[in-house]
Amino acid sequence: MGAGVVRKSGGGGRRGRRRGKPAAMSEINITPFVDVMLVLLVIFMVAAPLMTVGVPLELPKTAAQAVPAQQEEPLTISITAEGPVMIMNTETPENELIEKLRAIAAERADDKLFLRADGSIPYERVVQVMGALNAGGFTSIILVTEAGGPRFDGAVAAPSE
């Protein structure tokens, strides 16, 4: 598996037999390098989907365009189908929501916030949470949806649009 040593063969007979000096192998064995790279590739392929915010929701589908990437990790608020409000992955009671948002807003340079709501949540509930987000100091609220929803011209937007 590693670098080897090639021995020179000595002369023909018993008398003239000399032990040859081992010569260094001049070829590079890249098999261990390829093995390590394939293992790392598999690890990253498995770990990459786990790095996203993990509150499972059925987001509504729209034909809206994607928001440009940000330098700071976006703050994500999620409203689950059961009703609790989640700041990132942490469930937050409604009576503590505005207080926690004010503390977070004081530490962040950006006032942008992503709001994810399950498609089965009533509009009234979403608007109530948006009011709490605004009271907590966030004025730029981005509603997160899935691509591929209906457009008003009768066509259905492709998921890549």
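Modeller: A contact means heavy atoms within 4.5 Å. Among contacts in the chain between residues at least 6 apart in sequence, 67% join residues at least 24 apart. This is a predicted model, where local features need pLDDT of at least 70, side-chain atom pairs count only at pLDDT 80 or more, and totals for chains, interfaces and linings use all residues. Residues are numbered from 1 along each chain as its sequence is written, and side-chain values use heavy atoms, with hydrogens and water left out.

First, the setting. The chain has three helices and nine strands (DSSP runs: H or I of at least four residues for helices, E of at least two for strands, numbered from the N terminus). Their order from the N terminus is β-β-α-β-β-β-β-α-β-α-β-β. Mean pLDDT for the chain is 77, and 70% of the residues score at least 70 (pLDDT is the predictor's confidence in each residue, from 0 to 100).

Now the pair. Helix α2 spans residues 94-107 and helix α3 residues 123-135. Their axes, lines fitted to C-alpha atoms over the stretch in contact, come within 8 Å and cross at roughly 40°. α2 and α3 are therefore oblique to each other (angles under 35 degrees count as roughly parallel, over 145 as roughly antiparallel, 65 to 115 as roughly perpendicular, the rest as oblique; the range is 0 to 180 degrees between N-to-C directions).

From α2, the residues E94, L97, I98, L101 and R102 take part. They meet R125, A132, L133 and A135 of α3. By type, the residues of this contact are six nonpolar, no polar and three charged (Ala, Val, Leu, Ile, Met, Phe, Trp, Tyr, Cys and Pro count as nonpolar, Asp, Glu, Lys and Arg as charged, the others, Gly among them, as polar).
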